[in-house]
Amino acid sequence: MSIRQTSWLRWPTMADPLSIAELLKQARYLLTEADTDTSQLDAELLLAHLLQKSRTWLHTWPDKLVEEEIIADFNPLLQRRQRGEPIAYLLGKQSFWTLELKVTADTLIPRPDTELLVEEALSTIPTEQTWEIADLGTGSGAIALAIASERPAARIIATDQSAAALAIAEENASRYPFDNITFKQGSWFEPIRQQLFDLILSNPPYIAAGDAHLGQGDIRFEPDSALSSGSSGLDDLQQIIHNAIPQLKSGGRLIVEHGYDQGNAVRSLFEQHHYIEISTKRDLSGQERVSYGVQP
Ligand SMILES: C[S@@+](CC[C@H](N)C(=O)[O-])C[C@H]1O[C@@H](n2cnc3c(N)ncnc32)[C@H](O)[C@@H]1O
């Protein structure tokens with residue numbers, strides 16, 4: 001794939017400045033060449049971000065001239081997008097649930113699939129009672145913050161092994177008025193050893209090391225520590241399902257996200273550890289995505 005030079009974007013002059021429509025047209029041309037099938041949307045999102053306006057505003061004012069400084073900032077963003085960098089990292093943010101979360105190269109970009117885990121969790125958490133909840137491998141804080149936003153009475157501990165990811169999660173939490181999340185760094189249950197939970201949630205790494213997907217699309221730019229988990233992809237799920245048993249109250253529930261083809265394997269892990277009420281939910285594409293079991 002050849003990458004077109006973004007210097008093709010002309011610099012505006014007093015005599016011949018570029019309008020929003022012209023700039024977007026050129027940007028779309030460059031991004032289409034880079035094989036992104038979302039070139040129009042990407043170009044609009046990046047320009048709207050730099051102008052601090054909405055995409056609707058861009059469509060309303062196509063003839064407005066764009067300042068030289070904005071074009072100077074637009075060019076490197078287009079170059080990074082041409083190389084395949086995820087749009088969420090270029091914008092520095094991603095929507096999840098009802099929230100807007102800061103994301104960086106230290107955090108996984110939260111996926112819509114993970115909202116299924118949030119829905120499943122909310123269907124069990126009472127609105128009035130104070131449940132003790134853990135979100136293991138919180139990344140940007142997506143799951144913990146979504147639960148906190150819907151269940152202010154819950155007490156949530158969010159953990160991650162990555163100090164850099166945890167710092168972003170804490171920054172995200174500080175942007176919202178939630179006072180019911182505590183953040184702790186460490187591997188899986190290590191920072192919360194002495195505690196018992198009504199509910200444990202996790203979207204752990206679950207891609208098999210060596211899986212071709214790790215070299216494709218957005219995933220190439222995300223931290224490997226958030227993605228891959230041993231030769232089968234099940235190492236972390238196995239650890240979490242095994243170690244959650246003594247940390248759950250009687251009747252407590254563990255809900256995990258997993259790969260679309262890991263439903264059978266994950267249910268077997270729950271069975272081996274004598275969980276009851278084991279079940280799996282399918283995502284919007286009909287794929288097995290979230291499984292749970294209850295501590296007997
Ligand atoms: C798939 S990402 C999920 C991030 C976030 N929960 C989400 O759904 O967007 C997995 C997260 O687990 C963290 N992680 C990986 N190994 C870990 C471990 N041994 N202990 C704790 N967290 C770990 C990674 O740093 C990453 O943030």
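## A buried ring and its partner

F270 is buried, at a relative accessible area of 0% (buried is under 20%, exposed over 50%, partly exposed in between, with a 1.4 Å probe and protein chains only). Y275 counts as buried too, at 5% relative accessibility. This is a predicted model, where local features need pLDDT of at least 70 and side-chain atom pairs count only at pLDDT 80 or more, while totals for chains, interfaces and linings use all residues. Residues are numbered from 1 along each chain as its sequence is written, and side-chain values use heavy atoms, with hydrogens and water left out.

## Aromatic pairs

How many aromatic pairs are there? The count is two, where rings of Phe, Tyr and Trp (its six-membered ring) pair if their centres lie within 6.5 Å, with planes under 30 degrees apart called stacked, over 60 edge-to-face and the rest tilted. Y176 and F178 are stacked, because their ring centres are 5.4 Å apart and their planes sit at 5°. The other pair, F270 with Y275, is edge-to-face, at 4.8 Å centre to centre and 85° between the planes.

Y176 is partly exposed, with 23% relative accessibility.

## Around the ligand

There are 18 residues around the ligand, and G137, D160, W188, N203 and A226 come nearest (near means a heavy atom within 4 Å). That shell splits into seven nonpolar residues, ten polar and one charged; here Ala, Val, Leu, Ile, Met, Phe, Trp, Tyr, Cys and Pro are nonpolar, Asp, Glu, Lys and Arg charged, and the others, Gly among them, polar.

## Polar atoms and burial

Which ligand atom faces the side chain of D160? An oxygen atom of the ligand does, 2.6 Å from a polar side-chain atom of D160. On the backbone side, a polar atom of G137 is 2.8 Å from a ligand nitrogen, and a backbone N or O atom of Q161 lies 3.2 Å from a nitrogen atom of the ligand. Taken alone, the ligand exposes 590 Å², and the protein buries 95% of that (Shrake-Rupley areas with a 1.4 Å probe).

Notes. A polar contact is a pair of N or O atoms within 3.5 Å; within protein, one must be able to donate a hydrogen and the other to accept it, and residues adjacent in sequence count only if both atoms are side-chain atoms.
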